[in-house]
Amino acid sequence: MMPLMIIAIIILGAGIGFLAFFLIRSIIIPQKIATLENLVKQNKTAAAIRLARKMIAKDPRNVDAHYLLGLAYLADNKPELALMELKTVNSIGQFTEFCREVPFRRKIAELYTKFNQGEEALKEYLLLVKKDPNQPEYYFLIGQLFEERGKGAKAAEFYQKTIELDPKNWKAHFHLGMVLYRAKKSTESKEALEASLKLNPENHAAHFYLGRLLKENHDYTAALSAFEKAQKDATYKTKALIERGTCFMSMNNFEKAASELERAVKTAKEGEENELLYAHYFLAHCYEKLRELERAIEHWEAIYVKKPNFKDVAEKLSQYQEFRQDDRMKDFLTAGKEEFLSQCRSIATGMGLSVQDTTEIHSGCQILGVEAQSKWRNARKIPKLLWFLRTTDPVDESSVRAFHEQMKQLNVTRGIILTSSSFSRLAMEFAESRPIELMGKEKLLELLKTLPREPVHRN
């Protein structure tokens with residue numbers, strides 16, 4: 001009996017010992033965790049890190065220690081180490097009084113986002129939505145992650161849910177507007193951007209994109225106002241000035257367009273090289289329309305130095321080669337209205353015509369004349385219609401057709417079109433079977449050289 005009693009006593013003692021161990025452990029460990037939590041809250045990061053490491057060394061699966069160590073690393077500005085600890089918590093997959101699931105997932109999602117691990121962040125926020133479905137912030141952040149991945153439809157879905165839960169969230173309205181803008185849903189995008197601006201009138205990005213929508217809808221006055229507000233933000237200043245310039249161009253107000261675009265050229269910053277190219281390009285177009293061709297060429301040349309294959313810049317410089325080489329062509333292209341009409345009359349007279357009527361037309365001049373002399377004294381003098389076109393674009397078939405119709409209306413049987421450019425193939429084919437003579441820039445230059453040189457007043 002004695003041996004059995006001794007064994008029983010030993011077993012009982014061991015059981016009491018284990019019970020005591022777990023009892024003490026259940027009291028001491030929570031106390032240490034509480035101490036560690038207080039150290040983190042008091043921002044005593046060095047002490048918190050030391051204590052957490054000791055606890056993890058004794059128990060590598062101590063969720064609370066890993067979590068609080070992660071928070072201590074964050075407070076110590078060591079986010080990479082913090083993320084490693086929180087990943088360990090995630091792999092263990094247990095949550096406690098100190099490491100609660102919702103705050104943990106918020107923190108790890110923020111870190112995943114910080115380190116561009118969007119897919120992992122998205123998983124965490126989707127879990128958070130299930131845990132706390134009435135928190136609009138989660139839906140908004142999920143929308144952003146989908147938007148960054150180019151999944152506009154999914155992003156819009158979560159932005160709309162954000163707005164349902166928080167109608168005054170101007171960022172959600174704005175991002176929804178941008179997603180719809182990229183999806184070419186102009187009406188819905190405009191509504192979302194306007195809603196964002198009602199909540200935050202200082203949202204310059206919303207003003208900018210709303211301006212673009214208004215411009216696309218040909219509401220130039222409202223677009224100009226939106227771009228004016230957008231340019232208050234340095235990020236959008238150059239772009240907004242260019243947009244204002246193109247609005248004025250669409251309104252055929254090339255003087256104001258040039259003014260806005262000149263400002264864009266002056267304000268362009270490093271990193272806005274592409275915007276600068278477009279500002280120069282649109283400026284050149286304005287000055288071409290204003291007959292300030294020397295200034296237009298300056299801007300084409302500024303583009304050509306940076307990017308020779310930009311749009312039709314090389315072609316434009318080629319078209320104006322005569323302008324840069326021959327003063328007579330320069331005078332023809334840049335002369336003011338009265339001087340230009342006078343030049344055209346002089347050319348017509350030099351061609352043996354008696355000028356009967358001179359009219360200004362789009363991009364040029366129309367002259368109605370008759371032959372000044374004839375070999376036969378009583379012969380009927382044949383009227384001719386002349387068009388002088390100041391343009392760099394090839395004259396197309398539609399223009400030659402319009403000229404032919406004008407001949408019919410004036411009962412003129414012969415006509416001549418003179419241009420500072422050239423003619424399209426279809427235009428030449430149309431003229432071949434009709435009494436219309438086409439004279440391109442080479443022939444025009446020959447005629448200009450026959451005129452006496454006089455001072456020319458340019459526009």
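Trainee: Which side chain meets K330 in a salt bridge?

Mentor: Bear in mind that this is a predicted model. K330 sits in helix 19 (residues 327-334) and its partner in helix 16 (residues 293-306), so the pair ties together parts that are 36 residues apart in sequence. The N to O distance is 3.3 Å, and the partner is E294.

Trainee: Is K330 buried or exposed?

Mentor: The cut-off for buried is under 20% relative accessible area. K330 comes in at 15% relative accessibility, so K330 is buried.

Trainee: Which residues are joined with K131 into one network?

Mentor: Start with the salt bridge between K131 and E101, at 3.2 Å from N to O. K131 is in helix 6 (residues 118-131) and E101 in helix 5 (residues 101-114), so this pair links parts 30 residues apart in sequence. Salt bridges with shared partners join K131 into one network with E101, R105 and E124.

Trainee: How far from K384 is the nearest side chain of opposite charge?

Mentor: K384 lies in strand 3 (residues 383-389) and touches E371, among other residues. K384 is buried yet has no salt bridge. The cut-off for one is within 4 Å, whereas the nearest opposite charge, E371, is away by 4.6 Å.

Technical notes. Residues are numbered from 1 along each chain as its sequence is written. This is a predicted model: local features need pLDDT of at least 70, side-chain atom pairs count only at pLDDT 80 or more; totals for chains, interfaces and linings use all residues. Side-chain values use heavy atoms; hydrogens and water are left out. Helices (H or I, at least four residues) and strands (E, at least two) are DSSP runs, numbered from the N terminus. Buried means under 20% relative accessible area, exposed over 50%, partly exposed in between (1.4 Å probe, protein chains only). Lys and Arg count as positive and Asp and Glu as negative; His and the chain ends are not counted. Contact means heavy atoms within 4.5 Å. Lists of a residue's contacts leave out its neighbours within four places in sequence.
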